[in-house]
Amino acid sequence: FRLHVWTTESDLLIRLATTIRLTNAAGSFALEPEHTMTLAPLLPLLGLPLTSAVVSKTGSLTLHFERSHAIRIDPHPQYEAWEAQGTGAARRFAYLCGPGGGSPWGE
């Protein structure tokens, strides 16, 4: 599953490859990108501004959107859980969560 967030000065491409935890007013849901038919709960995010992106030193990624929507992706023991690559003003946002987690910036 891919998210593409952009402004006139930058863009950010985020690939989500393992379990996505979606939180919104209706509750919290685990979604599996490999089962595309189950990703419909993500549709309300279309057009919502991304308000923050938080990368933890353990490898989790949390994306906050307007209207109290959030996505969280935690490390997977066997697979790259997510990766993010920015351009323009977001060019420093370049991270990869490798198998097993750990620092996505390589430290």
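**Strands and the ground rules**

I take strands as DSSP runs of E with at least two residues, and helices as runs of H or I with at least four, each numbered from the N terminus. I am working on a predicted model, in which local features need pLDDT of at least 70 and side-chain atom pairs count only at pLDDT 80 or more, while totals for chains, interfaces and linings use all residues. Residues are numbered from 1 along each chain as its sequence is written, and side-chain values rest on heavy atoms, with hydrogens and water left out.

**Entry 1: the largest pocket**

I looked up the pockets on a 1 Å grid over the protein atoms alone, where a pocket is an open set of points that has protein on both sides within 12 Å along at least five of seven lines, a cavity is a set where a 1.4 Å probe fits but cannot get out, and lining residues have an atom within 4 Å of a point. Volume here is the space filled by probe spheres set on the points, which are joined across faces, edges and corners.

The largest pocket comes to about 350 Å³. It is lined by 16 residues, of which L3, H4, L45, L46 and G47 are the closest to its centre. I noted that strand 1 gives the largest share of this lining, with four residues. For classes I count Ala, Val, Leu, Ile, Met, Phe, Trp, Tyr, Cys and Pro as nonpolar, Asp, Glu, Lys and Arg as charged, and the others, Gly among them, as polar; on that basis the lining has 14 nonpolar and two polar residues, and no charged ones.

**Entry 2: the second largest pocket**

The second largest pocket holds about 200 Å³, and its lining includes W6, D11, T51 and F93. Strand 5 (50-55) supplies the most, with four residues, whereas by class the lining divides into seven nonpolar, four polar and one charged.

**Entry 3: salt bridges**

I then searched for salt bridges (a side-chain nitrogen of Lys or Arg within 4 Å of a carboxyl oxygen of Asp or Glu) and found three.

R15 meets E80 with N to O at 3.5 Å. R15 sits in strand 2 (residues 10-16) and E80 in the loop between strand 7 (69-73) and strand 8 (82-88), so this contact ties together parts that are 65 residues apart in sequence. R15 also bridges to E83, with the closest N and O atoms 2.8 Å apart; since E83 belongs to strand 8 and R15 to strand 2, the pair ties together parts 68 residues apart in sequence.

I checked relative accessible area with a 1.4 Å probe on protein chains only, taking under 20% as buried, over 50% as exposed and anything in between as partly exposed. R15 is buried at 17%, while E80 is partly exposed at 34% and E83 is partly exposed at 33%.

The remaining entry in my list is D74 with R72, at 2.8 Å from N to O; D74 is partly exposed at 34%, as is R72 at 37%. Shared partners join R15, E80 and E83 into one network of salt bridges.
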